[in-house]
Amino acid sequence: MEISVEFLRSMVLPRLSKRIQGRYHESQIFGNDWLVSKKSKSRMKHRPGILAISLAVAVVIMSSFVSRSALGLVVKACEMNSILTGSPYPCLKVVQAQDPLSSYAVLREPTDKERTILAPLADVAGIEDPRVLTAGAPNYFDAAWRERSAAIGLLGWKVSPQDFALAINAASWRTQDRLHIHMGCETPRFRALLKTHAAEIGSVRFTNLRTNARWWATFHTADDFSNLNPLKVVADGVDGARSNMKNVVVGVFGATLPDGQHGFYILARIIGTNKSRGSAEDMIDPKCQL
């Protein structure tokens, strides 16, 4: 029997979501342990069936990653499984926060198991969503930086923070309408680009690198992103970016300058009629082949 993505989205997931919400009202969940209540035996009786449906949904979705909403469905399956069992499967990790927008999942890209991405649990299509630039908005780059060990896995011993990179596509380049940050190491092409233009790139404002792809670049001294939100830096620093975020590509690269300063290069471009190479996939090497 063939199950369509649309059927899963319109029928199965809403029903699962309602059942899970009902459980929130009946009791609290701590990890894998349910607090005892009068209805606990009933919940435990039906739990295996719900888990089976949740995992089946995940498997079907991941095998039919053709809809632009499929990533959102995979993330929802991870969230549900995390709530029910404490396991983030099929994601690597699920992090819940008080602010729904700040909750996220880390997972291998369903169509390419070597790529690791971070996506919010909330329905955020991309960086064009006005909520990501408001005061107090979650900093998804900060979350992705803190989760870099999940991206590089066993390579962690040989990958320094200065080699790590993050990137996000414009709406016209992405295949999924769920904000997601690509995680890995900078590609040789972009390592060479930054090295070539290092002397031009300052920290006060963005510099036009005058490349075919029309990259803008700046450098910020910092050890992490706790006080640095690349999306806001780009929106405020690149002419025309804030009003046209749906066409903005952003890349962030760890770096150590010759004088010993640690920080990050932030690259951005606004895609218009110029469709030259410069997507997130071009910037990120998921294998970290240094």
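Biologist: Which residues is Thr-218 in contact with, leaving aside its neighbours within four places in sequence?

Modeller: Thr-218 is in contact with Ile-201, Gly-202, Ser-203, Arg-205, Phe-206, Val-233, Phe-264, Tyr-265 and Ile-266. Contact here means heavy atoms within 4.5 Å. A word on where this comes from: this is a predicted model, in which local features need pLDDT of at least 70 and side-chain atom pairs count only at pLDDT 80 or more, while totals for chains, interfaces and linings use all residues. Residues are numbered from 1 along each chain as its sequence is written, and side-chain values use heavy atoms, with hydrogens and water left out.

Biologist: Thanks! Why is Thr-218 called buried?

Modeller: Its relative accessibility is 1%. Buried means under 20% relative accessible area, exposed over 50%, and partly exposed in between, with a 1.4 Å probe and protein chains only. At 1%, Thr-218 is therefore buried.

Biologist: And what makes the pair formed by Gly-202 and Thr-218 a polar contact?

Modeller: The backbone oxygen of Gly-202 lies 3.1 Å from a polar atom of the Thr-218 side chain. A polar contact is a pair of N or O atoms within 3.5 Å; within protein, one must be able to donate a hydrogen and the other to accept it, and residues adjacent in sequence count only if both atoms are side-chain atoms.

Biologist: Where in the fold is Thr-218 found?

Modeller: Thr-218 is found in strand β9. Helices (H or I, at least four residues) and strands (E, at least two) are DSSP runs, numbered from the N terminus. The protein has eight helices and 12 strands.

Biologist: What does helix α7 pack against?

Modeller: The buried residues of α7 pack against α4 (140–146), β9 (216–221), β10 (248–256) and β11 (262–270). Those buried residues are Pro-230, Leu-231, Val-233, Val-234 and Ala-235, in a helix that covers residues 230–237. One of them, Val-233, is also in contact with Thr-218.

Biologist: How do you know that Asn-229 caps α7?

Modeller: A side-chain oxygen of Asn-229 lies 3.1 Å from the backbone nitrogen of Leu-231, at the N-terminal end of the helix.

Biologist: Let's move on past the helix. Why does Val-238 count as buried?

Modeller: With 5% relative accessibility, Val-238 is under the buried limit, so the label applies. Val-238 lies in the loop between α7 and β10. Not counting residues up to four places away in sequence, Val-238 touches Phe-206, Trp-216, Ala-268 and Ile-270.

Biologist: How far apart are Val-238 and Ile-270, in sequence and in space?

Modeller: They are 32 residues apart in sequence and 8.9 Å apart in space, C-alpha to C-alpha. Across the protein, among contacts between residues at least 6 apart in sequence, 63% join residues at least 24 apart.

Biologist: And what share of the protein counts as buried?

Modeller: Of the 290 residues, 51% count as buried. Strand β4 (residues 104–109) is mostly covered, with five of its six residues buried.

Biologist: What kind of peptide bond joins Tyr-89 and Pro-90?

Modeller: That bond is cis, with omega of about 5 degrees. Pro-90 lies in the loop between α3 (70–85) and β3. As a general rule, most residues other than glycine have a negative phi, and most peptide bonds are trans.

Biologist: Which values of phi do Arg-210 and Arg-214 have?

Modeller: Phi of Arg-210 is near 55 degrees, a positive value in a residue other than glycine. Arg-214 has a positive phi of about 60 degrees, although it is not a glycine. Arg-210 is found in the loop between β8 (207–208) and β9, and Arg-214 is found in the loop between β8 and β9 too.

Biologist: Last one: why are Arg-210 and Arg-214 called exposed?

Modeller: Arg-210 has a relative accessible area of 73%, which is over the exposed limit. Arg-214, at 54% relative accessibility, is over that limit too, so it counts as exposed.
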